[in-house]
Amino acid sequence: MSTTQPILQVKDISKHFGGLIAVDRVSLEVYPGEVVGLLGDNGAGKSTLIKLISGVHHPDGGQIVLDGHEVSFSSPLEARRQGIETIYQDLALCENLDAPANIFLGREPIRRFLGLLNVLNRAYMLTESRQVLDQLDIKIPNLRRPIRLMSGGQRQAVAIARAVYWNARLMIMDEPTAALGIPEQQKVLQLVRTLRERGVPVIIISHNLQDVFAVADRIIVMRRGRKAGERSIKATNDNEIVSMMVGAEQEE
Ligand SMILES: Nc1ncnc2c1ncn2[C@@H]1O[C@H](COP(=O)(O)OP(=O)(O)OP(=O)(O)O)[C@@H](O)[C@H]1O
């Protein structure tokens, strides 16, 4: 893995909120086709870190390098356009729109109508959406239904399909399984593996250590805004990770 170039490099990135240092000089790398679990106790800085990577917050210091080029995002849409797809707990999908409209959100194809009007090419959006969902073996019977009528797992699946359709370079998932029943959790974890097989690296935040151990190749632990450590999944166990999360290894 060390011979390939990382897709993402974060170098000494920091973010303050007033006097509080939410993320303190954190560096990390993500390589093609790996799943990285990002763990840490409440308030450790995980969400802030991914919001820095995905264009929600602007860093106070440090660099983000994507495919060897330094990037700076003015907004989450800008980060998406450059290949960083993020699924937050609240998902960033439009509840009142159907799956195709969500997959094409902000990047809708336009068709000339009667040589005069520009209209959305809905038929194209539907065909393309069906194709990408089929490719990923995602079953959504009625694609015309608004997202709000879909199950949590189906929504995650639509967000993942959007990432695949637009050739995301990196997928970030914040607590993707938190609100799901067990069968749906398993499906989402399976989709994470599918992304990895397609070479798309995934950063996954989860409070569920079992989920992280089930899919991650590597774990990065944050504690009080700093990177407490990182481990290959093969070289660690949940006791060690929990100790890193709570800082037990430093206590007397
Ligand atoms: N927009 C904000 N304004 C002020 N403080 C913030 C903001 N966002 C996060 N913080 C603070 O920054 C610190 C890190 O929060 P963050 O949400 O990144 O942690 P986390 O590891 O994701 O926690 P959790 O697991 O509870 O979501 C916390 O002390 C939090 O209160």
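Tutor: Leaving aside residues up to four places away in sequence, Glu29 touches Pro6, Leu8 and Gln9. Two residues are in contact here if their C-beta atoms, placed from the backbone, lie within 7 Å. The structure is a predicted model, in which local features need pLDDT of at least 70 and side-chain atom pairs count only at pLDDT 80 or more, while totals for chains, interfaces and linings use all residues. Residues are numbered from 1 along each chain as its sequence is written.

Glu29 is placed in strand β2. Helices (H or I, at least four residues) and strands (E, at least two) are DSSP runs, numbered from the N terminus. Glu29 counts as buried because 20 other C-beta atoms lie within 10 Å. The cut-offs are 20 or more other C-beta atoms within 10 Å of its own for a buried residue, 12 or fewer for an exposed one, and anything in between for a partly exposed one, with C-beta atoms placed from the backbone. From Glu29 to Ile241 there are 212 residues in sequence and 19 Å in space, C-alpha to C-alpha.

The next subject is helix α5 (152-165). Helix α5 has 14 residues and reaches 20 Å from its first C-alpha to its last, close to the 20 Å expected at 1.5 Å a residue, the expected span being 1.5 Å times one less than the number of residues. Of those 14 residues, 12 are buried, so α5 is largely enclosed by the rest of the structure. Among the buried ones are Arg155 and Arg162, as well as Ala157 and Val158. Their cover includes β6 (84-87), α3 (99-103), α4, β9 and α6. Just after α5, Asn167 takes a positive phi of about 50 degrees.

Helix α6 (residues 182-197) has 16 residues and reaches 23 Å from its first C-alpha to its last, close to the expected 22 Å. Its buried residues are Gln185, Lys187, Val188, Leu189, Leu191, Val192 and Leu195, and they pack against β3 (35-40), α5, β9 (170-174), β10 (202-205) and α7 (209-215). Gly199, whose phi is positive, near 90 degrees, follows α6.

Val192 also belongs to the largest nonpolar core, which has 66 residues; Ala161, Met171, Val192, Val202 and Ile204 touch the most other members. Helix α5 gives the most to this core, with seven residues. Such a core is a set of buried Ala, Val, Leu, Ile, Met, Phe, Trp, Tyr and Cys residues joined through C-beta atoms within 7 Å. Not counting residues up to four places away in sequence, Val192 touches Val35, Val202, Ile204 and Val215.

Strand β9 is the place of Asp174, which counts as buried with 21 C-beta neighbours inside 10 Å. The C-alpha atoms of Asp174 and Ile203 are 8.3 Å apart, although 29 residues separate them along the chain. Glu175 lies in the loop between β9 and α6, where it counts as partly exposed with 18 C-beta neighbours inside 10 Å. Its phi is near 50 degrees, a positive value in a residue other than glycine. Asp137, in the loop between α4 (122-135) and α5, likewise has a positive phi, near 60 degrees, but Asp137 is exposed, with 11 other C-beta atoms within 10 Å.

As for the protein chain as a whole, 40% of its 252 residues count as buried. Of its contacts with a separation of 6 or more, 67% join residues 24 or more positions apart.
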